[in-house]
Amino acid sequence: MKDFRQLERIVRGFSNHRRIQILELVYQYPELALTEIAEKLNINFKTAGEHVRRLAVSGLILKRNQGAAVRHKLSPRGLLILKFLRTLE
């Protein structure tokens, strides 16, 4: 069983409307680079980077290097969280 601090880290990872948007976007378009995420959401590159970093730290997004770009996709945990969030709509 996970301890409560680990659960808190996961919840804090998606406790922002932009991060939820990023989860949905990466689900729809796997393997997006950070610049593409920022462009599609019409947000600042640094802001997008911080949101993606928090999602990665909480284990909701996986990163993969491809040359100079870093590609992003949902982790299995990220997919479960996105399904959970959809049940709340």
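Residues are numbered from 1 along each chain as its sequence is written, and side-chain values use heavy atoms, with hydrogens and water left out. Because the model is predicted, local features need pLDDT of at least 70 and side-chain atom pairs count only at pLDDT 80 or more, while totals for chains, interfaces and linings use all residues.

**View 1. Helix 2 crosses helix 5.** Helices (H or I, at least four residues) and strands (E, at least two) are DSSP runs, numbered from the N terminus. The axes of helix 2 (residues 17–28) and helix 5 (residues 76–87) come within 10 Å and cross at roughly 115 degrees; axes are lines fitted to C-alpha atoms, for helices over the stretch in contact, and angles run from 0 to 180 degrees between N-to-C directions. Helix 2 is therefore roughly perpendicular to helix 5 (65 to 115 degrees; under 35 is roughly parallel, over 145 roughly antiparallel and the rest oblique). Ile20, Leu23, Glu24 and Tyr27 in helix 2 meet Leu79, Ile81, Leu82, Leu85 and Arg86 in helix 5, where contact means heavy atoms within 4.5 Å. The residues of this contact comprise seven nonpolar, no polar and two charged (Ala, Val, Leu, Ile, Met, Phe, Trp, Tyr, Cys and Pro count as nonpolar, Asp, Glu, Lys and Arg as charged, and the others, Gly among them, as polar).

**View 2. Helix 2 also meets helix 4.** The axes of these two helices come within 10 Å and cross at roughly 75 degrees, which means that helix 2 is roughly perpendicular to helix 4. From helix 2, Arg18, Arg19, Ile22 and Leu23 meet Ala48, His51, Val52, Arg54 and Leu55 in helix 4. Five nonpolar residues, one polar and three charged make up the contact.

**View 3. Ile43 lies in the loop between helix 3 (34–41) and helix 4 (45–57).** Ile43 counts as buried because its relative accessibility is 14% (buried means under 20% relative accessible area, exposed over 50%, partly exposed in between, with a 1.4 Å probe and protein chains only). Not counting residues up to four places away in sequence, Ile43 touches Arg18, Ala38 and Ala48. The C-alpha atoms of Ile43 and Arg18 are separated by 9.4 Å, although the two residues are 25 residues apart along the chain.

**View 4. Ser75 occupies the loop between strand 3 (69–74) and helix 5.** With 4% relative accessibility, Ser75 counts as buried. Residues up to four places away in sequence aside, Ser75 touches Gly59, Leu60, Ile61 and Leu62. A polar atom of the Ser75 side chain lies 3.0 Å from the backbone nitrogen of Gly78.

Conventions: A polar contact is a pair of N or O atoms within 3.5 Å; within protein, one must be able to donate a hydrogen and the other to accept it, and residues adjacent in sequence count only if both atoms are side-chain atoms.
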